[in-house]
Amino acid sequence: MSNIPYKIYLEESEMPKAWYNVRGDMKKKPAPILNPATLKPVTLDDLSGIFCRELAEQELDDTSRFIDIPEEIRNFYRMYRPSPLVRAYCLEEKLQTPAHIYYKFEGNNTSGSHKLNSAIAQAYYAKKQGLKGVTTETGAGQWGTALSMACSYFDLDCQVYMVKVSYEQKPFRREVMRTYGAKVTPSPSMETEVGRRINAEFPGTTGSLGCAISEAVEAATSQEGYRYVLGSVLSQVLLHQSVIGLETKAALDKYGIKADMIIGCAGGGSNLGGLISPFAGEILRGENQYEIIAVEPASCPSLTRGKYAYDFCDTGKVCPLQKMYTLGSGFIPSANHAGGLRYHGMSSVVSELYDQGIMTARSVEQTSVFEAAEMFARVEGILPAPESSHAIRVAIDEALKCKETGEEKNIVFGLTGTGYFDMVAYQKYNDGEMSDYVPTDEELQKSLNNLPKVD
């Protein structure tokens, strides 16, 4: 048995006092966000009509390396942070690998995921600005759950547009949101102009995060005293989620552990960006080298098969344009069970890091993902979220490679949350009813053909 404990805990006093903004260390910055009407870089006033003003400032700040975490947010974080870094001894034994496997567990709060790290920050700034409430979208429901909790804490109204397939597959997560006071609407709905348009264009659609974003933005801009908040993709969200990576780095340093490989699931980029930011910063500054791997579903492969181009962040084309790896804003992913990863594009920060070669990406099919999830659950005692299980799949694959080569690599991955509200998905897998869907080149090209023309 190693002298490394099963769980490495930091003291409250070791919790980060500032978020890390990896853009501050990037010599080549992510391309500017564009106003959809003018195709010019957005201004602070442009963004302040959609987002809280202080959040808009964070979105546009690509020079500050650190931004102080307000005391009110740090006090809330203390309820569930610092979160543990766990040595997966039982998984190592099961695989008979010489690799050392660690996972940063973000499911130790009622929302069940890492999403609360940004939800409480965005709710705080909305309250500070004197708003009545906020609107948002949610895929698997973890972001909506986290935001409903945060809004309840600050006594804000919360309106959630939930991707229709997840609304139907995950009724219990929907009810947690309602328990915390949120109004939850399946998307695309008939309540908004953009929702009606999408339903007309794609009859019977199961929805997507892009659809739900469009509806939430319309709802925010049509109600006085409301702003829109987003659980992924945006640079401000990756900033808030950097507490994950900062704590992970501190826990490893505490025991003199040097990570060789950092693995995260990738949908819009919030968990991945938060986990890898401090490590990517060391690569950018020339201080260290790491192998960073983004893992995405084969059914929605924005990094591995998408195009690096300007695109709308939403299906309804009402949001600003962002340069990112994208499958096209009109791409509607198949109704797979990793709802939080069903987004057509990727964070501009993650996209730029990927384009610079700071990280690599892989896509995996969902049956292999659930095979890894069940193995992990049976030996490590935590039922992982389908999204998290993409990272588990590749962590297991890499550990098995180490078994073949005899290498003692330190593999670190993000366990973004728990899967206790995802039992329909596990049932489908256990009953042998789960299938793999990989879009054809023709299907992807059809969507990519409609990318906006930006010089």
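This is a predicted model: local features need pLDDT of at least 70, side-chain atom pairs count only at pLDDT 80 or more; totals for chains, interfaces and linings use all residues.
**View 1. Helix H6 and its buried residues.** Helix H6 covers residues 142-154. Its 13 residues reach 19 Å from the first C-alpha to the last, close to the 18 Å expected at 1.5 Å a residue. Look for Gln142, Trp143, Gly144, Thr145, Ala146, Leu147, Ser148, Met149, Ala150, Cys151 and Phe154, which are buried. Because eleven of the 13 residues are buried, H6 is largely enclosed by the rest of the structure.

**View 2. The surroundings of H6.** The buried residues of H6 pack against H5, strand S6 (133-138) and strand S7 (157-163), as well as helix H8 (171-179) and helix H16 (386-405).

**View 3. The largest nonpolar core.** This core holds 76 residues, and Trp19, Ile73, Tyr77 and Met359 have the most contacts inside it. Helix H5 (residues 116-128) supplies the largest share, eight residues. Leaving aside residues up to four places away in sequence, Ile73 touches Trp19, Ile120, Ala121, Tyr124 and Tyr125. Another core, of 33 residues, lies apart from the largest one and includes Phe105, Val295, Ala373 and Leu383.

View 4. Find Lys254 in helix H11 (residues 235-254). Lys254 is partly exposed, at a relative accessible area of 38%. Although Lys254 and Ile8 are 246 residues apart along the chain, their C-alpha atoms are separated by 8.6 Å. Not counting residues up to four places away in sequence, Lys254 touches Tyr9, Leu10, Glu11 and Glu14.

Technical notes
Residues are numbered from 1 along each chain as its sequence is written. Side-chain values use heavy atoms; hydrogens and water are left out. A nonpolar core is a set of buried Ala, Val, Leu, Ile, Met, Phe, Trp, Tyr and Cys residues joined through side-chain atoms within 4.5 Å. Buried means under 20% relative accessible area, exposed over 50%, partly exposed in between (1.4 Å probe, protein chains only). Helices (H or I, at least four residues) and strands (E, at least two) are DSSP runs, numbered from the N terminus. Contact means heavy atoms within 4.5 Å. The expected span of a helix is 1.5 Å times one less than its number of residues.
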